[in-house]
Amino acid sequence: EAMVRNMDGIPRGTLKIASTFAFGKSQLMPALPTFMRSHPEVRVSLDLTDREIDLQNEGFDVAICFAEQYKNPDIVVRRIMQSRRVLCAAPAYLEQAGVPRSFENLADHNCLQIAGNSTDVVFRAALAGIGIARLPYYMAKRKFESGELIHVMPEYAPPSTDIVVMFADRRNLPPKTRAFVDFLVQQFRGAQDYQMMV
């Protein structure tokens, strides 16, 4: 029945999405209403998680993650955008600990590396003034503008990474999945906020 319904090419049904917490919260959730208005027969189920996703065994249609999280050669991957990383800290932390001017100075600072937790936890720790964080630019940008975070050592550019969408099988891709993947690529590759990152 599902195969027959998919033959007309109209996106419909429940689309199960997994996304990293930080990207899902700050980028995907604001964009989802646009996708849902364009595809009224698609219902979205969104799981925000930073754990490794097994698409086939967990029943997800797509998973959005950093490229380095992609490990399964049987999974199809499309690049959504490039994510530039930046060093940042709250003004209160820098007033108390000083502003690092070089890598050598960083050894004297609390560099936030909270193993096993999400990027969102590191982001909130930086906002709370606990230390210096390395975060995706898309997370830090608005806090730079508001003054809640300061761009530390802006001349230093940590290696960027790709944010990708993974899905199981290009040949038998349901219309709902194809429509969503195309939406992601169009939405984020064309966004003005990311031109500086590419």
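Analyst: Met 153 sits in the loop between strand E7 (150–152) and strand E8 (161–167); helices (H or I, at least four residues) and strands (E, at least two) are DSSP runs, numbered from the N terminus. The model is predicted: local features need pLDDT of at least 70 and side-chain atom pairs count only at pLDDT 80 or more, while totals for chains, interfaces and linings use all residues. Residues are numbered from 1 along each chain as its sequence is written, and side-chain values use heavy atoms, with hydrogens and water left out.

Met 153 is not a glycine, yet its phi is positive, about 50 degrees. Most residues other than glycine have a negative phi. Met 153 is also buried, with a relative accessible area of 6%; buried means under 20% relative accessible area, exposed over 50%, and partly exposed in between (1.4 Å probe, protein chains only).

H6 covers residues 119–127, and its buried residues are Asp 120, Val 122, Phe 123, Ala 125 and Ala 126. The elements that cover them include H2, strand E6 (133–136) and helix H7 (137–146). Met 139, in H7, is buried at 8% relative accessibility. Leaving aside neighbours within four places in sequence, Met 139 is in contact (heavy atoms within 4.5 Å) with Thr 119, Asp 120 and Phe 123, and also with Ala 22 and Ser 26. Met 139 and Ala 22 are 117 residues apart along the chain, but their C-alpha atoms are separated by 7.5 Å.

Helix H2 (residues 21–38) also packs on helix H8 (residues 175–189), with axes that come within 11 Å and cross at roughly 115 degrees. The axes are lines fitted to C-alpha atoms, for helices over the stretch in contact, and angles run from 0 to 180 degrees between N-to-C directions. H2 and H8 are therefore roughly perpendicular, a label for angles of 65 to 115 degrees, where under 35 is roughly parallel, over 145 roughly antiparallel and the rest oblique. Residues of H2 in this contact include Phe 23, Leu 28 and Phe 35, and those of H8 include Lys 176, Phe 180 and Leu 184. By class, ten nonpolar, three polar and one charged residues make up the contact of H2 with H8; Ala, Val, Leu, Ile, Met, Phe, Trp, Tyr, Cys and Pro count as nonpolar, Asp, Glu, Lys and Arg as charged, and the others, Gly among them, as polar.

Lys 176 lies in H8 and counts as buried at 14% relative accessibility. Beyond its neighbours within four places in sequence, the contacts of Lys 176 include Arg 12, Thr 14, Phe 35 and Asp 61.

The largest nonpolar core has 39 residues, of which Ile 64, Phe 180 and Leu 184 touch the most other members; such a core is a set of buried Ala, Val, Leu, Ile, Met, Phe, Trp, Tyr and Cys residues joined through side-chain atoms within 4.5 Å. Outside four places in sequence, Leu 184 is in contact with Leu 28, Ile 64, Ile 80, Val 165 and Arg 189. Another core, of nine residues, lies apart from the largest one and includes Ala 18, Phe 60, Ile 75 and Met 166.
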